[in-house]
Amino acid sequence: MAKSFDNLVVGGGIAGLMYAAIKSQKHKVTIIENPSKKNELGKRILVSGNGRCNFFNSKLLDERTFDHFPFDAVKNIVISDGKFYSKELFECLISKGLAYRSEGDLIYPYFNRSECFHSFLLSLINYDNCDFIFSHVDRIDRTFKTVIASDTSYSYKNLVISTGGFSYDRAVDYSLLDSLNVKYFKLKPALCPVQVVEKIPKYLVGNRLRGVISLFADDKCVYQEDGEVLFKEDGLSGIAIFNSTIWMHKFIDKKLYITIDFTRSGNDAIDRRIARSNYPEFLIRYLSENDLNLFKPLRFTFKQFYDFKFSQISDGGIDLKVLNPNNMTLSVDDNVQIIGEVLNQNFPCGGYNIGIALIEGYKAALYER
């Protein structure tokens with residue numbers, strides 16, 4: 001007979017750990033995580049933000065933020081029951097001793113090290129009430145309230161799915177999502193470099209170009225950001241490019257292309273009377289070889305996304321419409337909650353993705369059946 005658990009969490013990532021941190025204060029919690037060399041929990045935290053872990057954004061503390069695309073999709077999750085869970089979570093973390101620093105809207109651990117936020121989140125767990133199982137989960141049987149893992153089966157009273165997406169070092173496997181028997185969208189790489197149709201000459205590779213980066217879908221501008229582009233052997237990279245992939249997925253059926261207006265940056269703009277010699281050598285060469293105007297934006301046609309291992313998050317996942325946003329439970333099954341990146345939600349760089357995962361883990365843990 002399968003061993004039974006009161007609150008079983010599949011996935012020991014950011015959302016799952018946040019859930020355990022709150023829930024374990026009063027209830028027994030068991031986390032199932034994929035086995036690894038060190039059986040680490042929340043290991044993605046350690047590599048986030050180039051080792052700095054930008055885990056939140058101050059804009060998440062403004063209710064108006066959630067009125068704007070792409071945040072309107074989760075507005076009913078973050079703001080419900082007359083509560084603003086984003087602010088409530090952040091105040092909770094501070095009350096428990098979170099030390100942080102702000103750089104503009106970006107919020108980091110005080111010592112600018114991912115390990116600090118990782119250890120802080122783990123320290124919130126009541127280990128007297130929390131157990132860990134390292135095993136690969138193959139599927140879920142909601143009818144018999146059973147989790148089928150590679151070694152054995154586990155039954156549950158309440159189940160939390162927090163498995164994340166397929167990015168970075170995750171294997172592509174839809175068996176668990178299929179077994180839930182709810183609507184989901186196939187996952188695709190996001191916040192990643194993109195390949196372009198145009199040939200990138202060797203002298204461009206490794207160079208960076210700052211300016212206004214615009215994404216066009218069928219000649220209509222759908223996203224724009226002031227940033228920097230890194231030229232790769234077959235495409236483009238950089239934070240602005242990463243962020244544009246969020247909108248690429250939403251307009252993937254359109255003809256997509258990216259322009260880089262290197263004559264503008266922030267409030268600055270190049271005076272058209274300047275000498276050609278002001279331009280970097282690689283840009284002068286590219287403009288000359290392609291017979292391009294000194295003041296005309298560069299244009300690159302989208303070809304495809306880089307693979308999952310080069311992406312920070314996944315686009316797609318379980319449809320938000322199958323959830324009860326008041327408690328993160330499935331509308332058809334009150335004993336199953338879904339949180340984190342496994343949901344069909346994705347946001348630009350800047351602490352939004354980790355922040356939303358923390359909010360959802362916190363909110364799910366507060367639900368008492």
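Ring pairs tie Phe66, Phe71, Phe84, Phe347 and Tyr352 into one cluster; rings of Phe, Tyr and Trp (its six-membered ring) count as a pair if their centres lie within 6.5 Å, with planes under 30 degrees apart called stacked, over 60 edge-to-face and the rest tilted. This is a predicted model, in which local features need pLDDT of at least 70 and side-chain atom pairs count only at pLDDT 80 or more, while totals for chains, interfaces and linings use all residues. Residues are numbered from 1 along each chain as its sequence is written, and side-chain values use heavy atoms, with hydrogens and water left out.

The structure has 22 aromatic pairs. One of them is Phe90 with Tyr100, an edge-to-face arrangement at 5.2 Å centre to centre and 70° between the planes. This pair links distant parts of the chain, ten residues apart: Phe90 belongs to helix α4 (residues 85-95) and Tyr100 to strand β6 (residues 100-103). Helices (H or I, at least four residues) and strands (E, at least two) are DSSP runs, numbered from the N terminus. Phe90 is buried at a relative accessible area of 5%, whereas Tyr100 is partly exposed at 32%. Here buried means under 20% relative accessible area, exposed means over 50%, and partly exposed is in between (1.4 Å probe, protein chains only). Phe166 and Tyr174 also make an edge-to-face pair, with 5.1 Å between centres and 80° between planes, and both of these residues are buried.

Arg52 forms one with Glu103, the closest N and O atoms being 2.5 Å apart. That pair links distant parts of the chain, 51 residues apart, with Glu103 in strand β6 and Arg52 in the loop between α2 (43-47) and β3 (56-57). Glu103 is partly exposed at 35% relative accessibility, and Arg52 is partly exposed at 26%.

Asp105 and Lys59 form another salt bridge, with their closest N and O atoms 3.7 Å apart. Asp105 lies in the loop between β6 and β7 (106-109) and Lys59 in the loop between β3 and α3 (75-78), so the bridge ties together parts that are 46 residues apart in sequence. Asp105 is partly exposed at 32% relative accessibility, as is Lys59 at 40%. In the salt bridge between Arg273 and Asp271, the N to O distance is 2.6 Å. Arg273 is exposed, with a relative accessible area of 73%, while Asp271 is partly exposed at 34%.

Polar contacts are another matter: the Glu225 side chain meets that of Tyr223 at 2.5 Å and that of Asn243 at 3.0 Å. A polar contact is a pair of N or O atoms within 3.5 Å; within protein, one must be able to donate a hydrogen and the other to accept it, and residues adjacent in sequence count only if both atoms are side-chain atoms.

Asn243 is itself one of the buried residues of α7, a list including Phe242, Ile246, Trp247 and Met248. Helix α7 (residues 239-250) is mostly covered, with ten of its twelve residues buried.

As for cysteines, the structure has zero disulfides, a disulfide being a pair of cysteine sulfur atoms within 2.5 Å. The sulfur of Cys130 is 16 Å from the closest cysteine sulfur, in Cys92, which is too far for a bond. For Cys349 the closest cysteine sulfur is in Cys192, at 10 Å, again too far for a bond. Cys130 is buried, with a relative accessible area of 3%, and Cys349 is buried at 18%.

Terms used
A salt bridge is a side-chain nitrogen of Lys or Arg within 4 Å of a carboxyl oxygen of Asp or Glu.
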